[in-house]
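Subject: Structure handover

Hello,

Here is the structure I promised to pass on. Please open it alongside this message, and my notes follow below.

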Amino acid sequence: MKIKYLDETPRKLKEFPVENELNLSEQEVTDVAEIFSTPLTGSYNWDYTVQDNRIKKLYELGKELNWNVEKDIDWDRPLPERDETPPEIFWDQYEPYQKLSNEDKFEFLRHRASWSLSQFLHGEQGALLVASQLVSCAPTFNAKLYAASQTFDEARHVEAFNKYLQTRQKLMYPVGSGLKSLLDKILTDPRWDLKFIGMQIIIEGLALAAFNLAKQTSNDPVFRDMLYLIIRDEARHVTFGVNYLEEYLKNLSQEELEERAMFAYEACVVMRGRLLSAEVYEKFGWDVEDALEFQSKTDVTNNFQHLLFTRVVPNLSRIGLITEKVRPLYDELGVLDYESWPTDGDIDWASLKQPLDLSESA
Ligand SMILES: [Fe+2]
Ligand SMILES: [Fe+2]
């Protein structure tokens with residue numbers, strides 16, 4: 001086993017021209033790792049009380065709805081054929097993009113898609129690491145078991161996105177700095193409920209909205225099948241987060257609550273900036289600031305950012321984290337209207353229980 005520790009997060013693209021790195025022999029592999037240290041405060045649970053509540057039911061569902069990345073997705077289907085000309089897109093209004101040849105426009109769009117998918121992959125690895133921490137940190141018995149089942153779910157998600165990127169997209173971007181700093185914050189904070197808020201409510205809530213949109217807009221059946229299965233798992237994770245935190249946060253003092261409310265707000269702001277793929281513009285030799293400014297002003301970007309908040313804001317409100325202090329900040333972001341939208345706290349058992357039927361994903 002060879003492991004190389006890095007002092008800094010890698011910034012280089014990985015291309016997979018012919019061979020992917022999914023089946024290398026042990027001799028050929030050097031794992032590249034980056035260390036984080038965390039003052040994890042864990043707890044045993046000595047009463048083993050199984051409360052027959054929603055958390056228990058969600059754990060049971062998690063066990064029932066396990067799936068297998070290799071077996072439940074048919075990876076052998078060909079990639080959809082490419083159109084002759086690049087699709088119409090908001091970039092058509094941007095001069096540096098206009099100047100590209102059609103071939104280069106396709107290449108730019110491939111890089112943009114790879115960038116987004118790579119962020120999904122890195123976010124899933126973050127979820128895997130946080131879920132495993134929650135097994136130790138969660139104080140109640142049901143929550144420990146649930147977190148263990150979520151840990152396995154997240155392992156599957158990492159596996160699926162990695163396979164997709166290596167075998168179909170053939171291009172992987174490093175983690176973006178915004179997402180990385182949020183993951184660092186969540187993984188290294190000693191307070192377990194902050195990990196919980198950051199991961200189950202903010203990152204997963206935003207991911208759920210982003211996955212749904214990606215599934216609707218993709219023309220690759222493999223990708224749609226994969227997202228269908230992942231979205232079912234994520235919906236369970238967010239539901240767990242809302243239900244558990246709703247109970248727990250009621251016990252905190254006002255001061256402690258405000259601290260968590262501010263953390264959630266800051267996390268939302270970081271995640272909002274996650275959509276802007278600066279690394280791609282740099283790669284194409286564009287003026288990064290200029291491209292970011294153009295992108296952030298387009299309707300597509302604004303609509304997407306709002307879509308992300310439609311899921312997160314109602315959930316934050318439900319668990320009591322839109323306090324009077326942070327309310328004006330959300331107002332400034334223009335997302336306060338979503339407060340009264342449906343939350344993931346009201347469990348739609350029928351939809352969470354749907355069998356593994358991929359015909360739904362078409
Ligand atoms: Fe996940
Ligand atoms: Fe998840």
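The donor residues of the iron ion (ligand 2) follow the spacing E-x49-E-x29-E-x2-H in sequence. Two of them come from distant parts of the chain: Glu204 sits in helix 6 (residues 192-217) and Glu234 in helix 7 (residues 221-249), 30 residues apart. Bear in mind that this is a predicted model.

Which atoms hold the iron ion (ligand 2)? The protein donors are Glu154 (OE), Glu204 (OE), Glu234 (OE) and His237 (ND1). They lie 1.8 to 2.2 Å from the ion. The site is irregular, with angles of 82 to 156 degrees among its 4 donor atoms.

Are Glu204 and Glu234 buried or exposed? Glu204 is buried, at 3% relative accessibility. Glu234 is buried too, with a relative accessible area of 1%.

On confidence, the mean pLDDT of the protein is 88. Of its residues, 95% reach 70 or more. Among the elements, strand 4 (residues 171-172) has the highest mean pLDDT, at 96. Helix 13 (residues 349-352) has the lowest, at 70. Where pLDDT is low, the predicted coordinates should not be read in detail.

Next, helix 5 (residues 177-188). This helix has 12 residues. From first C-alpha to last, helix 5 reaches 16 Å, close to the 16 Å expected at 1.5 Å a residue. Its buried residues are Leu179, Lys180, Leu182, Leu183, Ile186 and Leu187. Seen down the axis of helix 5, these buried residues fall within an arc of 165 degrees, so they line one face of the helix.

Now the salt bridges. Side chains of opposite charge can pair when their charged atoms come close. With a side-chain nitrogen of Lys or Arg within 4 Å of a carboxyl oxygen of Asp or Glu as the rule, the count comes to 26 salt bridges. Here are some of them.

- Arg77 pairs with Asp74, and their closest N and O atoms are 3.9 Å apart. Arg77 is partly exposed, at 24% relative accessibility. Asp74 is partly exposed as well, with a relative accessible area of 39%.

- Glu107 and Arg110 meet in a salt bridge of 3.2 Å, N to O. They are 3 residues apart in helix 3 (residues 102-137), so about one helical turn separates them. An α-helix has 3.6 residues a turn, so residues three or four places apart point the same way. Glu107 is partly exposed, with a relative accessible area of 28%. Arg110 is partly exposed, with a relative accessible area of 25%.

- Arg327 pairs with Glu339, with the closest N and O atoms 2.8 Å apart. Arg327 lies in helix 12 (residues 327-333) and Glu339 in the loop between helix 12 and helix 13, so the pair ties together parts that are 12 residues apart in sequence. Arg327 is partly exposed, with a relative accessible area of 24%.

- Which residues are linked in a network of salt bridges? They are Asp189, Arg191, Asp193, Glu259 and Arg260.

Best wishes

Methods: Residues numbered from 1 in each chain as written. Chains lettered and ligands numbered in written order. Predicted model: local features only at pLDDT ≥ 70, side-chain atom pairs only at ≥ 80, totals over all residues. Heavy atoms only, no water. pLDDT = per-residue confidence, 0-100. Helix = DSSP H or I, 4+ residues; strand = E, 2+ residues; numbered from the N terminus. Donors = N, O, S within 2.8 Å, 3.2 Å for Na, K, Ca; no water. Tetrahedral: all angles 85-135°; square planar, octahedral: opposite > 155°, others 65-115°. Buried < 20%, exposed > 50% of the residue type's maximum accessible area, 1.4 Å probe, protein only. Expected span 1.5 Å × (residues − 1). Arc of directions from axis to C-beta.
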